[in-house]
Structure formats: structure tokens, C-alpha cells
Amino acid sequence: MLFESGRASLYALLKALGIKPGEEIIVQGYTCVVVPNAIHAAGGVPIYADIDPDSLNLTAETILPLLSPHTRALICQHTFGIPADIQSLRKLCDEHSIILIEELVHAMPDQKGPDIGSLGDYVILSFGRDKAISGISGGAVLSRHARTTAALLELERTAIHESWWNVMRLLEYATRMHSVVRPLAGTPLLKPAVWILQKLRMIVLVVTPEEKKGRMSPILKKIPNVCAELALFSLNKLQNLNERRRTLTAFFLRHGREHNWPMLAGITVNLPLQKFPLFVLNARAKRAVLKKENMHLDDGWTGCVICPEDIDLTETGYENGTDPAAERVCRQILSLPTHPTMTLIQAERLARRIDQLLKPEPASM
Ligand SMILES: Cc1ncc(COP(=O)(O)O)c(C=O)c1O
């Protein structure tokens with residue numbers, strides 16, 4: 001069943017499941033604000049489980065102490081495409097009669113894996129513009145259970161159409177990337193050009209000001225046909241797109257091993273990662289240095305347990321100190337891009353710069 005975005009698909013699923021007020025959905029610390037927003041909009045309560053710092057995913061051990069008679073479901077995120085230990089999550093869900101929702105939002109497996117998305121009761125897909133398959137916007141729910149499927153089909157049928165103006169604004173993204181951002185990248189003209197587009201309200205934000213305040217519209221919209229067509233086009237190229245990401249992941253992994261980068265144990269050579277995380281001290285300062293050299297590593301997943309950083313944390317229900325590993329990770333993370341448009345030459349240049357930044361500073365006299 002298709003909807004206008006991944007977050008709308010998650011909300012539709014929770015509605016189709018008939019989540020009752022106060023029922024709890026376990027999610028991980030270190031996630032995007034749109035996830036708790038969808039849970040709140042459906043009447044549920046997000047409960048935040050800490051993550052395993054080697055995979056950035058929740059684990060059966062971090063979830064167990066949070067289970068209660070109100071627990072209804074858990075959402076496994078496979079952060080940045082690093083696979084969670086889905087077998088043990090499946091076992092835990094079976095033992096406690098909990099629904100397992102797998103998100104294939106950060107990565108989409110192909111014939112070469114990773115083996116994710118096959119054990120969840122439901123799977124959420126996103127076709128957002130920064131995702132493995134891009135339709136600029138769009139999302140889907142896959143369901144294994146006939147009753148929920150029927151409810152989802154009805155929600156899909158009654159969802160309203162996106163306005164033509166919003167569809168035009170979505171399509172603006174491709175034009176902006178090709179005609180404005182890429183040609184003007186690195187020049188002083190880029191910022192004013194993007195500012196003008198924003199002032200003209202041409203740009204559809206990935207996370208809106210309302211969403212940053214914890215709100216989500218309860219009105220479900222259909223995926224625009226043009227976005228569905230683009231997503232299908234992208235899906236047909238998935239193997240190639242993933243191969244590009246695998247090549248970049250393998251490059252950073254090899255380079256990192258040779259240069260003793262502080263990397264995650266959960267990253268293996270064959271993963272088509274959405275981004276390649278490193279953990280460094282003073283990550284914010286290092287990003288600022290790189291930004292001046294036109295290397296932008298701030299992807300919204302830095303400095304915040306619920307991302308992006310400028311959200312209203314109180315509205316998410318997350319209390320500081322709940323998930324210490326997630327809080328440490330988000331402070332120290334430096335994410336290297338693995339976007340299919342990135343070349344190996346650009347990756348090498350970035351890797352060399354990271355080597356310099358990771359060198360211990362000489363002791364002052
Ligand atoms: C973990 C997670 N789940 C769900 C979503 C929602 O996807 P979409 O942007 O298509 O709404 C996102 C968006 O980035 C996300 O990071």
C-alpha cells in the first residue's frame with residue numbers, strides 16, 4: 001500500500017493496527033522525529049530503547065526492561081543500512097506477542113543482501129529524496145497479515161490527492177539539484193539562490209517546522225503518480241545504485257582500517273550504507289572545519305538523540321539521560337556520504353582530510 005511518504009506509511013500502519021490510546025511502541029534512541037510524531041498521531045506512546053553502539057540499532061537486551069502489558073509493537077530501524085540482529089528481535093516479539101515493524105527506510109536490500117526486511121510482520125519503505133530508492137517523496141507499507149492489509153487498502157483508497165502545487169514543489173527538487181545546487185556548489189552564489197527559492201516557498205522541507213514541534217497531520221495523502229513513477233524508475237536501478245554505495249562503503253572501510261579510524265564493528269564490506277559513520281572527539285568542530293572547505297557532513301543526524309537537532313525534544317517524550325549510548329553516539333558521530341553520485345576521487349579526498357583531522361594534536365610547549 002502506497003502513501004505520500006515513509007512517515008505517512010508508518011502512521012497508516014499504526015492506524016490500521018488500531019493502536020489504542022496509551023499503547024506503547026518501542027523505538028530506538030537516535031531516530032528521526034517523524035517516527036515518534038507518527039506514533040503520537042496514531043494515539044500511541046513512543047518508548048525509547050538504547051542502542052548497541054556497534055550497530056546503532058536496538059537490541060533484545062535494551063528492549064527487555066522496557067516491556068510492559070501496554071507494549072504493542074517495536075520498530076526496528078536498521079540505522080543507515082547497518083543490519084540489526086533481527087533474528088533475536090523476532091524471537092523476542094514472538095515470546096511476548098509483540099508486533100515487529102521493520103523499516104527499510106535507510107537501506108533497501110537487493111540480491112546481494114543484507115538480509116533485512118524478511119522477518120518483520122510489516123515493512124515500511126521510504127522513497128524520499130535522500131533514500132535508497134528516490135521518488136523525491138513517497139512511501140509504502142508491506143503487510144503479511146490479511147486483516148491489517150484490508151484496513152491499509154481502505155486507508156490507501158480513501159487517502160486524498162496531493163495538491164498540484166505541492167507536486168510541482170516536490171518536482172522542483174530535481175531542477176534545483178541539477179540547475180542550481182550542482183552548478184553553483186562551492187561558489188558564493190549558492191546560498192542566496194537557495195534563500196530565494198525558500199522565500200518563494202518553492203522548497204519542500206524534509207522536516208517541516210510543525211514536525212519539529214512534534215506535530216503530524218492526521219490526513220493521509222496518496223503518493224503522487226509522478227513520484228511513484230520516479231520511485232519505480234529508481235527501483236529498476238537499485239542493483240546499480242547499491243553497488244555504488246557498496247563501493248564507497250568498502251573504500252571507507254578499507255581506508256579506515258589502514259589508518260586506524262574509530263569505526264563501528266557492525267560495518268562489513270558488502271553493505272550498501274546510506275552513510276558511513278565514524279566516531280571522533282569534537283565532531284562538531286571537525287564538521288565546521290570541513291564545511292569551510294565545502295565538505296558538508298551535517299546530515300541532520302548529528303548532535304541529537306531525536307533528529308534533527310532543532311526539534312522540541314519535550315514533545316517527543318524522550319527524557320535526557322534515558323539512552324546513554326544513543327546520546328554519546330550522536331555527539332561523536334561524523335557521517336561520511338556514500339551517495340551514488342559521489343565519485344571515488346571525492347571519497348579519497350575526503351578520506352585524506354579525515355586522516356589529517358584525526359591526527360593527534362602535538363602537545364603544546
Ligand atoms: C528512521 C526513519 N523512519 C522513517 C522515516 C520517514 O521517511 P520519509 O522521509 O519518507 O517520511 C525517516 C526519514 O528520514 C527515518 O529516518
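In this predicted model, an oxygen atom of the ligand sits 2.9 Å from an N or O atom in the side chain of His106, a polar contact in the sense of a pair of N or O atoms within 3.5 Å. For Arg7, a polar side-chain atom lies 2.6 Å from an oxygen atom of the ligand. On its own the ligand has 390 Å² of accessible area (Shrake-Rupley method, 1.4 Å probe), and the protein covers 95% of that.

The shell around the ligand holds 15 residues, with Gly6, Arg7, Glu103, His106 and Ser126 the closest; a residue is near if one of its heavy atoms lies within 4 Å. Two or more shell residues come from each of α1 (6-16), β3 (31-32) and α2 (34-41), where helices (H or I, at least four residues) and strands (E, at least two) are DSSP runs numbered from the N terminus. By type, the shell splits into five nonpolar, seven polar and three charged residues, with Gly counted as polar.

Now for the surface. Trp164, Trp165 and Met168 make a nonpolar patch of about 400 Å²; patch residues have over 30% relative accessible area and no salt bridge, and nonpolar side chains are joined within 5 Å. A salt bridge here is a side-chain nitrogen of Lys or Arg within 4 Å of a carboxyl oxygen of Asp or Glu. Trp164 belongs to helix α6 (residues 164-184) and counts as exposed because its relative accessibility is 65%, the cut-off being over 50% (1.4 Å probe, protein chains only).

Residues are numbered from 1 along each chain as its sequence is written, and side-chain values use heavy atoms, without hydrogens or water. Local features need pLDDT of at least 70 and side-chain atom pairs count only at pLDDT 80 or more, while totals for chains, interfaces and linings use all residues.

Definitions and conventions: Patch = residues over 30% accessible without salt bridge, like charges linked within 9 Å, V, L, I, M, F, W, Y side chains within 5 Å. Buried < 20%, exposed > 50% of the residue type's maximum accessible area, 1.4 Å probe, protein only. Polar contact = N/O pair within 3.5 Å; in protein donor to acceptor, adjacent residues only side chain to side chain.
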